Amino acid sequence: MADEREIFPQTAYFKGAIDLMNRMDTSKFPLMLNRIIKTLHLKNESPFTDDEKEQLEGVFELSSAELANALESSAFIFEQAAYFGLKLPPFKAHLEKAGLEQEQIIAFLRVWDVEGANFVAKLRDTSMVPRTMTDVKYQLHLDMAQGSLSRLKDPSAIFELTLRSTEASSEGKEDKPTHVKMQFDHEQLVSFYNNLETIQKQLDQLS
């Protein structure tokens with residue numbers, strides 16, 4: 001059964017990146033992809049230095065903006081492959097649907113075949129946010145309309161999230177937790193729950 005999920009966006013920016021990749025030297029393109037995927041799990045770290053980017057602009061005959069688009073979109077393609085747990089056949093089908101030429105598709109598939117599992121494993125072990133939730137408390141809240149106990153306002157749920165830093169303190173001190181309170185009415189709570197269900201399914205695909 002064909003995978004009919006929309007993995008890649010049909011935006012002008014992404015389509016432009018696909019066109020740029022199709023123009024790239026196929027002997028150098030796999031090397032670029034290999035560097036990208038090996039550093040993609042690192043926060044705030046570019047796979048190439050400024051000097052290397054200038055060299056790539058010359059090799060691929062791209063402007064600075066065009067190279068940036070190609071690098072960002074190549075990284076995005078690998079991130080989506082990891083996010084949706086793509087195996088080689090569906091990955092190939094989605095790249096073809098996106099408009100990538102066969103030689104570029106082969107480059108992506110070869111890099112993914114060798115580095116994909118390692119990249120996904122690193123994603124599992126890497127926190128992408130500065131704080132994570134360590135505890136959650138909740139309570140139900142009922143407001144009475146003023147002057148009449150018979151007129152009951154809509155109930156709400158109040159959540160208190162405890163967040164801690166994922167980064168070690170430079171002084172070795174224990175990080176003080178941050179407490180965040182959120183209030184939901186019934187409709188908002190249902191929407192929030194549905195979003196959590198979607199996120200859980202996507203996390204399951206990475207496990």
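Visitor: Which helix does Asn69 lie in?
Guide: Asn69 is part of helix α4. Helices are DSSP runs of H or I with at least four residues, strands are runs of E with at least two, and both are numbered from the N terminus. The model is predicted: local features need pLDDT of at least 70, side-chain atom pairs count only at pLDDT 80 or more, and totals for chains, interfaces and linings use all residues. Residues are numbered from 1 along each chain as its sequence is written, and side-chain values use heavy atoms, with hydrogens and water left out.

Visitor: Is Asn69 buried or exposed?
Guide: Asn69 counts as buried because its relative accessibility is 8%. Buried means under 20% relative accessible area, exposed means over 50%, and partly exposed is in between, with a 1.4 Å probe and protein chains only.

Visitor: What is Asn69 in contact with, leaving aside neighbours within four places in sequence?
Guide: Tyr13, Gly16, Ala17 and Leu20 are in contact with Asn69, once those neighbours are left aside. Contact means heavy atoms within 4.5 Å.

Visitor: Stepping back, how many helices and strands are there?
Guide: The protein has 7 helices and 3 strands. From the N terminus on, the order is α-α-α-α-α-α-β-β-β-α. The protein has 207 residues, and 29% of them count as buried.

Visitor: And how many residues are in the largest nonpolar core?
Guide: That core has 40 residues. A nonpolar core is a set of buried Ala, Val, Leu, Ile, Met, Phe, Trp, Tyr and Cys residues joined through side-chain atoms within 4.5 Å. Met32, Ile77, Phe78, Phe91, Leu95, Phe108 and Trp112 have the most contacts inside the largest core. At least two residues of this core come from each of α1 (12-23), α2 (29-39), α3 (50-60), α4 (64-83), α5 (88-98) and α6 (102-125).

Visitor: Take Met32. What is it in contact with, apart from neighbours within four places?
Guide: With those neighbours set aside, Met32 is in contact with Met24, Phe48, Phe60, Leu71 and Ser74.

Visitor: Which residues of α2 are buried?
Guide: They are Phe29, Met32, Leu33, Ile36, Ile37 and Thr39. The cover over these buried residues of α2 includes α1, α3, α4 and α6.

Visitor: At what angle do α2 and α4 pack?
Guide: The angle is about 65°, and the axes of α2 and α4 are 10 Å apart. Axes are lines fitted to C-alpha atoms, for helices over the stretch in contact, and angles run from 0 to 180 degrees between N-to-C directions. In this contact, Met32, Leu33, Ile36 and Ile37 of α2 meet Leu71, Ser74, Ala75 and Phe78 of α4. The residues of the contact of α2 with α4 divide into 7 nonpolar, 1 polar and no charged. Ala, Val, Leu, Ile, Met, Phe, Trp, Tyr, Cys and Pro count as nonpolar, Asp, Glu, Lys and Arg as charged, and the others, Gly among them, as polar.

Visitor: What about α4 and α6, at what angle do they pack?
Guide: α4 and α6 pack at about 65°, with axes 10 Å apart. On the α4 side are Ser74, Ile77, Phe78, Glu79, Ala81 and Ala82, and they meet Phe108, Val111, Trp112, Phe119, Val120 and Leu123 of α6. The contact of α4 with α6 divides into 10 nonpolar residues, 1 polar and 1 charged.

Visitor: New topic. How many aromatic pairs are in the whole structure?
Guide: A search finds 12. One of them joins Phe8 and Phe14, which are stacked at 5.6 Å centre to centre with 20° between the planes. Rings of Phe, Tyr and Trp (its six-membered ring) pair if their centres lie within 6.5 Å; planes under 30 degrees apart count as stacked, over 60 as edge-to-face and the rest as tilted. Both Phe8 and Phe14 are buried.

Visitor: Which residues do ring pairs link into a cluster?
Guide: The cluster consists of Phe29, Phe78, Phe91, Phe108, Trp112 and Phe119.

Visitor: On to the strands. Where is Glu160 found?
Guide: Glu160 is in strand β2, residues 156-165. Glu160 counts as partly exposed because its relative accessibility is 23%. Glu160 and His179 are 19 residues apart in sequence, with their C-alpha atoms 6.5 Å apart in space.

Visitor: And where is Ala157 found?
Guide: Ala157 is also in β2. Its relative accessibility is 4%, so Ala157 counts as buried. The C-alpha atoms of Ala157 and His141 are separated by 5.9 Å, and the two residues are 16 residues apart along the chain.
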